[in-house]
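Q: Could you walk me through this one? I'd like to begin with a single position and then step back to the whole chain.

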Amino acid sequence: MDRRQCLGDVDRVVIKIGSSSIMRNGSRVSRDFMDSVAEQVKRLKDLGKEVLIVSSGAIPLGLKSMGVVPKPHEMPIRQAAASVGQGILMREWGDCFQRYGILVGQILLTMDTYSDRESALNLHNTVDSLLSHGVVPIFNENDAIRTQEIRFGDNDTLSAIVASRTDSDLLVILSDIEGLYDSNPKTNPDAKLIPVVTDVESVMGVAGDAGSSMGTGGMKTKLSAAKVCRDSGCNMIIALSGADDIIYKAVTGEDVGTIFVTGTEISKKRRWIKSAHPSGVVTVDAGAERAVLNHKSLLPIGIRAVDGIFDKGDVVDIVCDGRIVAKGIVSYSSQDLRSIAGKHSSDIEGILGYRVHDDAIISENIAVL
C-alpha cells in the first residue's frame with residue numbers, strides 16, 4: 001500500500017500522547033520530547049494541516065509535585081493529583097508551543113458531558129473555532145471530577161472519540177512499541193510488525209494488556225480506538241513515540257508503525273450514540289433484535305423489560321438474551337416505556353394519553369454494535 005497516496009488528502013489530525021512519553025523514566029518531564037512535538041506540529045501546520053492533541057500526564061505530574069505515592073486504586077489522591085497536574089501539564093505545553101508562535105487551548109471532557117447531545121455538538125463548534133484561529137486544542141479527560149462508572153477510561157479511547165467527533169482524517173497514537181505485532185515483541189524475539197490492517201476485527205486476538213506502569217492503555221484499547229476510527233472514516237496509525245520526527249513522518253505518509261485503513265463511515269449521529277454513556281437498558285425479544293440488526297425501528301411490542309430511569313432523548317442499551325446488540329435514543333421516558341412495553345403501537349395514545357411516535361426508538365436513532 002502507498003502510504004503517501006492513502007494519506008495525501010489528510011487535513012485534520014489528532015495526536016495522542018501518553019504519560020510515559022511526557023514523563024520519561026517516571027521521574028521528570030521530558031521537555032525535549034514536548035518541544036519536538038511542538039516543532040513537528042508547526043511543520044504540519046505550515047503544510048496546511050490542522051492538529052489536535054490528546055495528552056495524558058496530569059496525574060503523574062501532580063503526584064510528583066505533591067510528593068505522594070498513592071496506593072493502587074486510591075481514587076481521591078489521584079483525582080487531587082489530576083487537579084494539580086493538569087495546570088502544570090498545560091503550562092509545559094504552552095511554553096513549548098509558544099516558542100514556535102502557536103497558542104494552545106485546553107479542553108477537558110467527561111463521559112457524562114460528552115453523552116449530552118447538545119454538549120457534544122458544542123464541542124465540534126468550539127474545536128472548529130479554535131482551529132480557525134490557529135490554536136492547537138489539547139484534550140484530556142477531566143480526571144479531577146470523573147467517576148469510575150462514567151468515564152472514557154483511557155486516552156486511546158478518548159483520542160478516537162475526539163477524532164470521530166471532530167471529523168478528523170487521521171489519528172496518530174504514540175506508543176512505547178513500534179506498532180501492532182503478530183505476537184508480544186517483549187517476550188517473543190521473532191514477533192513481526194504488522195504494517196497495514198484493513199480489518200481490525202481480524203487482529204483483535206493479538207492484543208495485549210497495558211505495558212507501561214504509568215499508562216492505562218494497552219494494545220486492546222488501541223484496537224478499540226481503531227474501531228471507533230473505522231466507523232468515522234478516519235485512518236489510524238500506532239507509532240513509536242521515541243522515534244525521531246515520528247509525528248511528521250506518520251502524517252506525511254512514511255512507512256512507520258501500523259496503519260489501520262478505514263472502512264465504511266457511519267453517520268456522526270450514530271457515532272455519537274455508540275460512544276455515549278447509556279442511561280438505561282431496554283431488553284427486547286428475538287423478533288425485535290432481528291428488526292434492529294436490519295436497521296429497522298424498535299416497536300413497543302418487542303420490548304420485554306425496561307431498566308433504569310431515563311428521559312425521552314436519552315441513550316440506552318438495547319439488549320437481547322443478555323447481549324448488548326445496539327444503542328439508541330429513546331422516543332419515550334423509562335416510565336412511559338414500561339407502560340407501553342409489549343403493546344401495539346396503536347395502543348400508545350390510549351395508554352399514555354399522547355403519542356410521539358409509533359416507535360419506541362426510530363431507526364435513525366439506533367446504532368448497531
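Q: Where is the place of G308?
A: In this predicted model, G308 lies in the loop that runs between strand 12 (303-307) and strand 13 (315-320).

Q: And is G308 buried, partly exposed or exposed?
A: G308 counts as partly exposed, because its relative accessibility is 33%, and that value falls between the 20% limit for buried and the 50% limit for exposed.

Q: Which residues is G308 in contact with, leaving aside its neighbours within four places in sequence?
A: With those neighbours set aside, G308 is in contact with S279, S334 and R338.

Q: How many residues apart in sequence are G308 and S279, and what about in space?
A: G308 and S279 are separated by 29 residues in sequence, while their C-alpha atoms are 6.8 Å apart in space.

Q: Stepping back, how many helices and strands are there?
A: The protein has 14 helices and 15 strands. Its radius of gyration is 22 Å, close to the 21 Å that the globule rule gives for 369 residues, so the protein is as compact as a globular protein of that length.

Q: What box do the C-alpha atoms fill?
A: Taken along the principal axes, they fill a box of roughly 70 × 45 × 45 Å.

Q: What about burial and contacts?
A: Of the 369 residues, 49% are buried, and among contacts between residues at least 6 apart in sequence, 72% join residues at least 24 apart.

Technical notes:
Residues numbered from 1 in each chain as written. Predicted model: local features only at pLDDT ≥ 70, side-chain atom pairs only at ≥ 80, totals over all residues. Heavy atoms only, no water. Helix = DSSP H or I, 4+ residues; strand = E, 2+ residues; numbered from the N terminus. Rg over C-alpha atoms; globule rule 2.2 N^0.38 Å. Buried < 20%, exposed > 50% of the residue type's maximum accessible area, 1.4 Å probe, protein only. Contact = heavy atoms within 4.5 Å.
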